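Open the model in a viewer and keep the sequence panel beside it. The stops below say what to select and what is there.

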Amino acid sequence: MISQLTRDERSSAMYLSGLLVLFGGFLAIAGRNDVLGWHGAMLVFSGAILLFALISRFYDDEPARESRHEYYDDPTKFGVVVAMIWLVFATFVGDWVAWLLVFPEATFDAGWSSFGRLRPVHTTGVIFGFGGNALIATSFHVLQRTSRARLAGSVSPWVVLIGFNLFCIMAVTGYMFGITASKEYAEPEWYADLFLVVIWVVYFVLYVRTLARRQEPHIYVANWYFMAFILVVAILHIINNLAVPVSLGHAKSYSLFSGVQDAMTQWWYGHNAVAFFLTSGFLGMLYYYLPRRAGRPIYSYRMSIISFWGITFLYMWAGSHHLHYTALPHWVQNLGMTFSIILVVPSWASAGNALLTLNGAWEKVRDDATLRFMFVAAVFYGLSTFEGSFMAIRPVNSLSHYTDWTVGHVHAGALGWVAMITFGAFYTLVPMLWNRERMYSSRLIEAHFWLALSGTVIYVFSMWNSGIIQGLMWRAYAENGTLAYSFMDSVDAMAPYYVARAVGGFLFFLGGVIGLYNIWKTIKMPAQAHTPIYDLPPVVDVEPAE
Amino acid sequence: MLDKHAKLERNALAFVFAIIFVASIGGIVEIAPLFTIDETVEEVEDMRVYTPLEVAGRNIYIREGCYACHSQMIRTLQDEVERYGPYSLAVESQYDHPMLWGSKRTGPDLARVGEKFSDAWHVAHLINPRNVVPSSVMPSYAWLMRNTLKYEDMGLHLSALRKVGVPYSDEMIENAAQDTYGQARPGSERADAFVERYGEESNVSLFDGDPDRITEMDALVAYLQILGRLTDVAHQSSDSAQQTTSTGSGD
């Protein structure tokens, strides 16, 4: 890491590490009677480690001048490995909480180990830890290749990656200590939220500055999606997390909005975190790695444009479908439903564009598990966006809402689409990054593929069953006109499905472990004598200023 | 059209602004009017604020992630109204910063659980849910009974809540810690002062049954017992037959 930085860059990295120590020190002192203090101490410790590493290697040789004319892939390498570690950790926690619903006594008589505190550890770990690192890592890689330019900065990519991971660690440790803002998928408290805003601004500036260096006249589709991801997530994050802390020494804050306005803001955020984090960003991934792996150009440029602007415009209206039949005014519910249904058009345009790109390369899909991951991802993307539009219809939602059906739907998207496209992208990317001829083992990729697919199918089918049974039981009437089942009857009916779900989740987790092992072994493989040339080099027209 | 887009694709900043513009419309149209249209939240006379002990209990409810499995929003569906009580009105969560409507019912809705069960039932249930509901899948919260409640700083909490719009008086903020104690100690002087500030309807009780300490159990039970009881307006409108949608499947 440090060997790739010039002395000037090393000293600016030292200033930034010093800032981190100062910020952490402030939190540690102000929050000394609170969990906040522990998080401050953690930041001080992280900053100190960085400072120490930078100081001890400050006078090492500077990188060769020519290396400045190459793509800068160290941050991407870091992001890929860290994303896989987050995946293994967070799917493990997910499977753990799934088993807690089967064996509710399996807590350790302590707060940190109960379902309510561990569940956000799982969701934050997979969405932000795994998904976020995967997006940042691949976006840096795609941005440079499609712009034929080196990243506009050597320190700022590390600020983004290290800062983002510190945010994730503050989030998941905070939940276990009982620090949460309780807004789903926006649980971190005010100080972590502010920290993320700074990191995100650095990410955006880096992205736009690199685009400004591009040697291709057009900005490639994948970058449209990555830009929408960065921009809209910033807007959502800032507005939904507006809050007043109890004091500067308290981790706890009270959200600015309350009741119905808060509910609408939260689900405007929640649904668009799905849209711009889990859809837009990963479509960016798909638009680059799928055509590369298939060796075929994207089927339709026109469809790309329609689906991009369709998704960017329509999703922002759809959040209110999470609030059907609630105290939210009817007109907002109706708007949400209407736009959710229209959303199937741009969503299917993307899925169709991906599948039609593969049309003519089906023998590759059959033989190559990496490409098959991306194919299955596109299929699950199509299925879960259709399912989402369907569930947004008010009468359907009256059955599905509050049940496991929603959980099944989310996992069809998260496991089937988000994770599968990432695995396909990573298995394409890892040999390129480390200049290996291929992945360590194609049989392990094959094993990962079947574990991931069977795990996802078992998971989703068990949740479809349990969710629909729950929904039907809650609304069933006996002949005498009273409700036919008590709530506990519906809980009892879930037992077999909770077991099946935990088994499916375990298979998926196992696949992730194999994936991490395979990537690790690839990194450890000796470099090939004749490594293939994967990319056209960046075009260098001006000497970088440093 | 495609030509114009080809132009846009060449200009990064124009593209950035186009994304911000296109993505902002939905939120502006759907969210902004919720703050300005008066009918969004009903106006009622008898709406109360949470007492300091209830705020502390609510914070424990949040801390433990209870909302991950319990909703607090009864929908306008006939079976829900029959199972849980009158459907939830917007005003009932007017002082909920943040709202806890929830999105999942692994356990039942809690919007109207207040005063449905005794304090003793809640304590027994939280210590081990399976002691009172044999096939429950809820975790045990026995350690709430062992944790002493931290309430010296409740004044700061009420003052932060006032900043975001909850009408606490100066007197309430000043006496927040004493009132926390008073609500959990019936018969004490502080209990009388507490009732004077928060009204006769407020709930003074020895929630966890332990007269020696104020525990986190006290706070959480106090919160659970106020759910759905901050105002009676939902019950009044149910007399005039709530308009619900019937989805019943059995006949």
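## Stop 1: around B:Arg185

Select B:Arg185 and show its neighbours: leaving aside residues up to four places away in sequence, B:Arg185 touches B:Ala191, B:Val204, B:Ser205, B:Leu206, B:Asp210, B:Pro211, B:Asp212, B:Arg213 and B:Ile214. The model is a predicted one. B:Arg185 sits in the loop between α10 and α11 of chain B. Is B:Arg185 buried or exposed? Its relative accessibility is 7%, so B:Arg185 counts as buried, the cut-off being under 20%.

B:Arg185 and B:His70 are 29 Å apart in space and 115 residues apart in sequence.

## Stop 2: helix α11 of chain B

Select residues 189–198 of chain B, which form helix α11. Which residues of this helix are buried? They are B:Ala191, B:Phe194, B:Val195, B:Arg197 and B:Tyr198. These residues cover an arc of only 165 degrees around the axis, so they lie on the same side of α11(B). An α-helix has 3.6 residues a turn, so residues three or four places apart point the same way.

Turn to the face of α11(B) that points away from the buried side: the exposed residues B:Glu189 and B:Glu196 are there. To see what lies over the buried residues, show α3 (52–63), α8 (154–163), α9 (170–174) and α10 (176–183) of chain B, which are among the elements that cover them. Then step past the end of the helix: just after α11(B), B:Gly199 has a positive phi of about 100 degrees.

## Stop 3: the loop between α4 and α5 of chain B

Select the loop between α4 (78–84) and α5 (119–127) of chain B, where B:Pro98 lies. The peptide bond joining B:His97 and B:Pro98 is cis, with omega about -5 degrees. Further along, select B:Glu115, which is found in the loop between α4 and α5 of chain B. What is phi of B:Glu115? Phi of B:Glu115 is near 65 degrees, a positive value in a residue other than glycine.

## Stop 4: chain B as a whole

Chain B has 13 helices and zero strands. The C-alpha trace of chain B spans about 80 × 55 × 40 Å along its principal axes. The radius of gyration of chain B is 22 Å, while a compact globule of 251 residues would have one near 18 Å.

Colour chain B by accessibility: buried residues account for 61% of its 251 residues. Chain B exposes about 10600 Å², of which carbon and sulfur atoms supply 53%. Next, colour by charge. Chain B holds 22 positive and 38 negative charges, and their mean positions are 10 Å apart. Of the contacts in chain B with a separation of 6 or more, 70% are between residues 24 or more positions apart.

## Stop 5

Move to chain A and select A:His448 in helix α16 (residues 442–475). A:His448 is buried, with a relative accessible area of 1%. Show what surrounds this side of the helix. Residues up to four places away in sequence aside, A:His448 touches A:Phe373, A:Phe423, A:Tyr427, A:Gly511, A:Gly512, A:Ile514 and A:Gly515.

Then select A:Asp109, in the loop between α3 (74–100) and α4 (115–147) of chain A. Phi of A:Asp109 is near 55 degrees, which is positive in a residue other than glycine. A:Asp109 counts as partly exposed, at 38% relative accessibility.

## Stop 6: chain A as a whole

How many helices and strands does the secondary structure of chain A have? It comes to 18 helices and two strands. The radius of gyration of chain A is 24 Å, close to the 24 Å that the globule rule gives for 546 residues, so chain A is as compact as a globular protein of that length. The C-alpha trace of chain A spans about 85 × 65 × 45 Å along its principal axes.

Colour chain A by accessibility: 63% of its 546 residues are buried. Chain A exposes about 19600 Å², with 69% supplied by carbon and sulfur atoms. The 32 positive and 33 negative charges of chain A have mean positions 6 Å apart.

Note on methods
Residues numbered from 1 in each chain as written. Chains lettered and ligands numbered in written order. Predicted model: local features only at pLDDT ≥ 70, side-chain atom pairs only at ≥ 80, totals over all residues. Heavy atoms only, no water. Helix = DSSP H or I, 4+ residues; strand = E, 2+ residues; numbered from the N terminus. Rg over C-alpha atoms; globule rule 2.2 N^0.38 Å. Buried < 20%, exposed > 50% of the residue type's maximum accessible area, 1.4 Å probe, protein only. Areas by Shrake-Rupley, 256 points an atom, 1.4 Å probe, with all protein chains shown as cover. Lys, Arg positive; Asp, Glu negative; His and termini not counted. Charge placed at Lys NZ, Arg CZ, Asp CG, Glu CD. Arc of directions from axis to C-beta. Contact = heavy atoms within 4.5 Å.
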